[in-house]
Amino acid sequence: RILEQACSSTYRQCPLTHGKWTYQVDLNKMKQTNVATGKSRDIVRQPPFGSVQTPGVHPVAQPVASAQASPTQPEVLDKESRLPATVLVHIEGLAKHINAAHGKLTDLLRSCIVEHPVKVPVAMTEALKSKLAKIGRRNDVELEWKQSSTVSMAAQFSNARAPRAGGTVTVRGVRRKVDKCVREVQEVILERTVEASSNETELPVEWEAQVDDLELKQVMPGSAEWLQVDGMLHTTLPNAHLHKLERIQNKWLWERYALSRDRLKKKNRTTNVNERLLFHGTRQTEPKQVYKCEEGFDMRFSADGMWGRGNYFAENASYSHNYAHQLGAGQKAMFLAKVMTGDSCQMPADSKLRLPPVKHQDGSDVLGDVRYDTVNGVTGGSRVFIVYSNDKAYPFYLLTYTSP
């Protein structure tokens, strides 16, 4: 009782009488001094005696790792770097105060272990997982990945590709370490997001949302697209009737075409690649062998024409009508393609051509002898453009029509 009084006093000092002796107890210095003799001895703290059997304190909710991750189950990114299952704190002191100290320490430890979710808007690749796991190890925290199981309505109906497999990374550990780790994780994710955005091919504004890499979309009669194509068809085929117009959405071919467009811009040091909508007929070749092929228009199967072997595209539908694919019942099919004509060379017919002619040979360009991008000339009442590489043209529309 006297010691408890000393502990609760302001100066933690009090007199203590034992038999004929009087002592001065100083709990600050942990000394007991005989008032009569002036002799001092140390006060030694001993573990408490009594019925209290709880020397340990355990913090809250420890993480649970799942063997395999799924869209609804979290995945610990680094299974070798785990938070301790429990933290043992030994409490010494007077029995009366142990329970109070136990509660306060429990609250304190709970406040030390925190979780911080970080949203990830890009796909969680193995490379990204490995990078984040290293950050977790370096900061002595645990990172847990959970993939998003839902796709926003905006993503479903946007012109973007298939929705990204985003999700959330939860950083768990001691507060000060978590705060530092979160900053590093956010920097990596931002860097990856910017990289993904810059590498992502911009799809045509006309395209609709799609599930598969290749889909044919029906263009509605009377729409702006329909009226544009129908007008181009009737310019030189006034008696034609457009029965069906399909937009070809082939991601593989479009990415290839877009890459070639970027390269052409760099080559010519311009942003204008002179992209045109031009007609193309396939004769005996079924159109699906073009839009389902990884090459698209393939000049290797072309016969030698007036300007050599290449892919021929016409400004006038009347020219390509002569090469249209027969479908039966009087219907025909031909393509309206996007073609990068670039710096085109107008020249007379030359059936020996295999490449466009060289523009200049003065060695002033880093590429050496620079050639024109395409060749063009007039035949059959139409200007035609000849492309000598497959990736400079994309089959954008497939027309099904009749014309007397």
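## Before we start

Residues are numbered from 1 along each chain as its sequence is written, and side-chain values use heavy atoms, with hydrogens and water left out. As the model is predicted, local features need pLDDT of at least 70 and side-chain atom pairs count only at pLDDT 80 or more, while totals for chains, interfaces and linings use all residues.

Let's begin inside. Helices (H or I, at least four residues) and strands (E, at least two) are DSSP runs, numbered from the N terminus.

Leaving aside neighbours within four places in sequence, L399 is in contact (heavy atoms within 4.5 Å) with residues including V229, L233, F279 and M334. In soluble globular proteins, nonpolar side chains tend to be buried together.

## The largest pocket

Next comes an open space. A pocket is an open set of points on a 1 Å grid over the protein atoms alone, with protein on both sides within 12 Å along at least five of seven lines; its lining residues have an atom within 4 Å of a point. Of its 29 lining residues, H280, G281, F301, S302 and A303 are the closest to the centre. Strand 12 (311–314) is one of the elements supplying at least two lining residues, and its four residues are the largest share.

## A buried glutamate

E215 lies in strand 9 (residues 214–218). Why does E215 count as buried? Because its relative accessibility is 15%, and buried means under 20% relative accessible area (1.4 Å probe, protein chains only).

The side chain of E215 reaches the backbone nitrogen of V211 at 2.8 Å. A polar atom of that side chain also lies 2.9 Å from the backbone nitrogen of D212. Beyond residues up to four places away in sequence, E215 touches A209, Q210, R247, I248 and Q249.

Methods:
1 Å grid on protein atoms, 1.4 Å probe; cavity = no way out; pocket = protein on both sides within 12 Å on 5 of 7 lines; lining within 4 Å. Buried < 20%, exposed > 50% of the residue type's maximum accessible area, 1.4 Å probe, protein only. Polar contact = N/O pair within 3.5 Å; in protein donor to acceptor, adjacent residues only side chain to side chain.
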